[in-house]
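Student: I would like to go through this protein with you, one point at a time. Could we begin once the structure is on the screen?

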Amino acid sequence: FSTAFLSLFLIFSCNDDENINIEAPGSVVVEPGFGAAIFSWSFPSDMNVKFVRVDYTDADGNLKHQKFSKNTTNAVVHELEEREYEFTVTASDLNNNRSEPIVVKTTPKKPPYITVANTIDAKADLGGVSVTWQNETGSRIAINIKYVDNNGLIQIFTAISSKETDAATISGLDTVEQEIEAFVTNINKVKSPSKFFKITPLPEVKLEKNNWSIRGFSSQEEVGEAAQNGFAKAAIDGDINSFWHSQWK
């Protein structure tokens, strides 16, 4: 009994002697992003420190963490809701020895797919509808436009975009009132609330060209009389068998 007790005492004594002090990150700052928390810090100078770890609790109460290496230039935790989060920031070595925790809080802005969805608008176009949106977040999102085609079939057109201002057009629709549903999804297929629009596409009317004339052209034919009686006039004569083209080699 005494031998076993002595061995156990020695083990605990060794463990106490091997406590490792890990330098914590300095100047930890967190700012709100669109559905994200954006971090900055000074990485510890201790050569044993391999990464900075950020721990937090998600919307379902699950504990989560992300690790950021020394070379990370953009420490961002994504997929967050518009509510206050508490983050615990520590530095760690490869053996999971961690520094004293630093606790910071922030409330992210609305996620990109919600932010963009709130800006969607739609209006009538020639033989269809035009859907526009704004994306100040710069994130790559999917704008989905749901409609019923001329055969009575439900269709969904999806536009992938990260532009600040963008638009999509659905054409080939009858000139009767249409119900258009528009919503945004993120990379994980999470869907925003839908917006609905009642729109009647504008009728497409063929323009009569009887009174049209050629005002000018850049090459291939001379100006003056040739402009009215030469090849350039073929561009508007209504005959698909006649044509005009610019100079080429």
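Student: Where does V129 lie?
Tutor: V129 lies in strand β9. This is a predicted model, in which local features need pLDDT of at least 70, side-chain atom pairs count only at pLDDT 80 or more, and totals for chains, interfaces and linings use all residues. Residues are numbered from 1 along each chain as its sequence is written, and side-chain values use heavy atoms, with hydrogens and water left out. Helices (DSSP runs of H or I, at least four residues) and strands (runs of E, at least two) are numbered from the N terminus.

Student: Is V129 buried or exposed?
Tutor: V129 is buried, because its relative accessible area is 0%. Buried means under 20% relative accessible area, exposed means over 50%, and partly exposed is in between, with a 1.4 Å probe and protein chains only.

Student: And what is V129 in contact with?
Tutor: Leaving aside neighbours within four places in sequence, V129 is in contact with K123, A168, T169, I170, I180 and I199. Contact means heavy atoms within 4.5 Å. The C-alpha atoms of V129 and T200 are separated by 8.1 Å, although these residues are 71 apart along the chain.

Student: What about W133, then: which strand holds it?
Tutor: W133 is in strand β9. W133 counts as buried because its relative accessibility is 1%. Beyond its neighbours within four places in sequence, W133 contacts V116, T119, I120, I143, A159, S161, E164, T165, D166, A167 and A168.

Student: Which residues touch the most other members of the largest nonpolar core?
Tutor: They are I120, W133, I143, I145, V184 and F197, in a core of 22 residues. The elements giving two or more residues to this core are α2, β9 (128–134), β10 (141–148), β12 (165–171), β13 (178–185) and β14 (195–199). A nonpolar core is a set of buried Ala, Val, Leu, Ile, Met, Phe, Trp, Tyr and Cys residues joined through side-chain atoms within 4.5 Å.

Student: What does I145 contact?
Tutor: Its contacts, apart from neighbours within four places in sequence, are V131, Q155, I156, F157, A168, I170, I180 and E181. Another core lies apart from the largest one; it has 20 residues, among them V49, F68, L80 and V104.

Student: Changing topic, how much space lies in the largest pocket?
Tutor: The largest pocket holds about 610 Å³ of space. It is lined by 28 residues, and the closest to its centre are G35, H78, E79, L80 and N186. A pocket is an open set of points on a 1 Å grid over the protein atoms alone, where a 1.4 Å probe fits, with protein on both sides within 12 Å along at least five of seven lines; lining residues have an atom within 4 Å of a point. Grid points are joined across faces, edges and corners, and the volume is the space filled by probe spheres set on them.

Student: You mentioned E79; where is it found?
Tutor: E79 is found in the loop between β5 and β6 (85–92). E79 is partly exposed, because its relative accessible area is 48%. Its phi is near 60°, a positive value in a residue other than glycine. Most residues other than glycine have a negative phi.

Student: What is the phi of N96?
Tutor: The phi of N96 is near 65°, which is positive in a residue other than glycine. N96 sits in the loop between β6 and β7 (102–106).

Student: Finally, how many helices and strands does the protein have?
Tutor: It has three helices and 14 strands. Of its 249 residues, 35% count as buried.
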